[in-house]
Amino acid sequence: MSIAALQFMANLMQGMGVPYQFMRWTEQPPDDYYTVGEYIESTSLTREESGRQDSTFILRLFTRKSWMSLEQAKAKIESAVPITAILPDGTGIAVFYESGMVVPTGDMQLKSMQINLQVQEWKVK
């Protein structure tokens, strides 16, 4: 996943009002919920030909409040995609909702949900 795509995802989260940081939350968590993101790149057998790179962008949402705050955030994210754009470096990007699930944390007070977004990037060489 390119740096331009990571910036696009951060801007997308900010535009929705979703408290987000890449990989790890480094500040005092907001009262309602917060989100961290990471990614997994898929192997592309045609990357050299097509310039396409697929990734799964994984969002983890956390709260100590109600489950409903996570469900509302999920609905907000789900309604913001699919989205396409041309990034400042000329890369084309498309983002799609893939799945969501509740994730146990081992802490009775801390609730968590995972949202997977499919990200496709096309780079022209």
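This section describes aromatic ring pairs, a β-hairpin and the surroundings of one asparagine in a predicted model.

A pair of aromatic rings is described by the distance of the centres and the angle of the planes. Four aromatic pairs were counted in the model. One of them joins Tyr20 and Phe57, whose ring centres lie 6.3 Å apart with 45 degrees between the planes, a tilted arrangement. This pair connects distant parts of the chain, since Tyr20 belongs to strand β1 (residues 20–22) and Phe57 to strand β3 (residues 52–63), 37 residues apart. Both partners fall under the 20% limit that defines a buried residue: Tyr20 has a relative accessible area of 14% and is therefore buried, and Phe57, with a relative accessible area of 0%, is buried as well.

A further pair is formed by Phe22 and Tyr39. The ring centres of Phe22 and Tyr39 are 6.3 Å apart and the planes meet at 20 degrees, so the pair is classed as stacked; planes under 30 degrees apart are required for this class. Because Phe22 is located in strand β1 and Tyr39 in strand β2 (residues 34–41), the pair ties together parts of the chain that are 17 residues apart in sequence. Phe22 is partly exposed, at 37% relative accessibility, and Tyr39 is likewise partly exposed, at 32%. Elsewhere, Trp25, Tyr34 and Phe62 are linked into a cluster by ring pairs.

Strand pairing was examined next. Strand β4 (residues 83–86) pairs with strand β5 (residues 92–102) in the antiparallel sense, over four bridges. Within this pairing, Ala85 stands opposite Ile93 of β5. The two strands, β4 and β5, form a hairpin with five residues between them. Gly90, in the turn of this hairpin, has a positive phi of about 90 degrees.

Attention then turned to Asn116, which is found in strand β6 (residues 111–122). With a relative accessibility of 9%, Asn116 counts as buried, because buried means under 20%. The side chain of Asn116 makes a polar contact, at 2.9 Å, with the side chain of Gln114. When residues up to four places away in sequence are not counted, Asn116 touches Thr56, Phe57, Ile58, Phe96, Tyr97, Glu98, Ser99 and Met101. Among these contacts is Phe57, the residue that forms the tilted aromatic pair with Tyr20.

Notes
Residues are numbered from 1 along each chain as its sequence is written. This is a predicted model: local features need pLDDT of at least 70, side-chain atom pairs count only at pLDDT 80 or more; totals for chains, interfaces and linings use all residues. Side-chain values use heavy atoms; hydrogens and water are left out. Rings of Phe, Tyr and Trp (its six-membered ring) pair if their centres lie within 6.5 Å; planes under 30 degrees apart count as stacked, over 60 as edge-to-face and the rest as tilted. Buried means under 20% relative accessible area, exposed over 50%, partly exposed in between (1.4 Å probe, protein chains only). Two strands pair if DSSP finds at least two bridges between them. A polar contact is a pair of N or O atoms within 3.5 Å; within protein, one must be able to donate a hydrogen and the other to accept it, and residues adjacent in sequence count only if both atoms are side-chain atoms. Contact means heavy atoms within 4.5 Å.
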